[in-house]
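Visitor: I have the sequence and the model open side by side, and I would like to go through a few places in it with you.

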Amino acid sequence: METRSAKLYEEAVKYIPGGVNSPVRACGSVDSFPLFISHAKGSKITSVDGVEYIDFVESWGPMLLGHAHPEVTKAVQAAIERGTSFGAPCEDELVLAKMVCEALPSVEMVRMVSSGTEATMSALRLARAYTGRNKMIKFDGGYHGHGDAFLAAAGSGVATFSVPGTPGVPDAVVSETLIAPYNDLNAVEELFKQHGNDIAAVFAEPAAGNMGLIIPEPEFLPGLRSLCDKYGALLVLDEVITGFRVSYSGAQGHYGVKPDLTTMGKIIGGGMPVGAFGGRREIMQMLSPTGPVYQAGTLSGNPVAMAAGIATLKVLQKSDYPALASKVENFCQNLEAIFAKKGVQVCINRLASMFTIFLTGQKVKDFASAKTSDLAMLSKLYKGFRERGVYVAPSGFEVSMVSFAHTDEDFARTLSALEDIKL
Ligand SMILES: *Cc1c(COP(=O)(O)O)cnc(C)c1O
């Protein structure tokens, strides 16, 4: 059932580090190897062995409409016919920029890039230039792409200096990165008290999606907003996952919080490589060529990617987000009931079309509590699902994604797969 994938993987590791172009795909943390995908349509993804799976990864977020949505495919095909890159402005860049500014009231101007990583790196540079300060606060377990400054790990205890989160990042680069536990406003306030005049920005996922799904407690985002205001720092909401997913106006619309800058990616590219960052006009105009802050990209605003993004957002404008959220809520309740029958302790965090199964008796509200999840059992769960045609994230610290293409039958089949799995 997985022989051709296994063979391709065996060969790929000779030419590509770990056989993959992004590490989590290797499935190492669930003691498996990657499935090679041949094609995907709607809620289903098909491996090179011809096996079809119900897909709860959705390319890690972009495919909120499901795979190969006909409107998006049509737009991409038409764009390709007109040429794949110009290196000069095209009208679709303006169309997508306007759509983003209309969707997110906090965004008055936006610049397109080609990945979420580029968006957050550029937003950080801009925040530093605007405030004339160098430090930033991020949250333990928060992910903002693989820019050096973000790849920091908490040192011993909060409010101490950070250490590089990976070899290859100099100490000096992360010495400006301060780390607090998610949902812990006191820790953030403590950092501001110590370093207030040096902090350029707080970077936060408005609902964290890269340590599994963590919901912000009601006071958390408003608290960050007022601390940033008090100390003259910018609030940057990283909506690379949540943008156009939690609602059409992102998590910021859902929670009613207004950041100074927003970073985006994933859904706005409709499966093509796109990222974006935007915010207050006065800040954005500091970018070159209107201002002194350098930022550029050969493929930024790429016409094919813009067409995919526009087509995706147009369909999303007509999509019923609350209906999808209530399907997911119902599905999660059914999952909980099955785990309860099995006598397995579980905490399923969910928001809109996202959920994460943490196998723990604790309430998961930050990275420390996320790490109480039973990873050995999660690995069994992953394999059990995969054997039964359900494709979930190969890690306990990722979000499962549901698309508008998922059907009641997909949910029912996934539930009966879980019934069947011995944990
Ligand atoms: C995926 C992600 C990024 C990085 O985006 P890439 O396109 O993978 O570079 C940044 N921030 C968040 C919150 C993400 O989930």
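Visitor: Is Thr414 buried or exposed?

Guide: This is a predicted model, and in it Thr414 sits in helix α14, which covers residues 408-420. Burial here requires a relative accessible area under 20%. Because the relative accessible area of Thr414 is 3%, Thr414 is buried.

Visitor: Which backbone oxygen lies 2.7 Å from a polar atom of the side chain of Thr414?

Guide: Thr414 touches Ile54, Phe56, Phe331, Phe385 and Val390, when residues up to four places away in sequence are not counted. The polar atom of the Thr414 side chain, for its part, lies 2.7 Å from a backbone oxygen, and that oxygen belongs to Asp410.

Visitor: Against which elements do the buried residues of α7 pack?

Guide: Helix α7 spans residues 220-231 and reaches 17 Å from its first C-alpha to its last, close to the 16 Å expected. Its buried residues include Phe220, Leu224, Leu227 and Tyr231, and just after the helix Gly232 takes a positive phi of about 70°. The elements against which the buried residues of α7 pack are β5, α6, β9, β10 and α8.

Visitor: Which element gives the largest share of the lining of the second largest pocket?

Guide: The second largest pocket holds about 490 Å³ of space, and of its 19 lining residues the closest to its centre are Glu93, Val110, Arg111, Met112 and Leu287. The elements that give two or more residues to this lining are α3 and β4. The lining divides into nine nonpolar, seven polar and three charged residues, and its largest share, four residues, comes from β4.

Technical notes:
Residues numbered from 1 in each chain as written. Predicted model: local features only at pLDDT ≥ 70, side-chain atom pairs only at ≥ 80, totals over all residues. Heavy atoms only, no water. Expected span 1.5 Å × (residues − 1). Buried < 20%, exposed > 50% of the residue type's maximum accessible area, 1.4 Å probe, protein only. Contact = heavy atoms within 4.5 Å. 1 Å grid on protein atoms, 1.4 Å probe; cavity = no way out; pocket = protein on both sides within 12 Å on 5 of 7 lines; lining within 4 Å. Points joined across faces, edges and corners; volume = space filled by probe spheres on them. Nonpolar A, V, L, I, M, F, W, Y, C, P; charged D, E, K, R; others polar. Polar contact = N/O pair within 3.5 Å; in protein donor to acceptor, adjacent residues only side chain to side chain.
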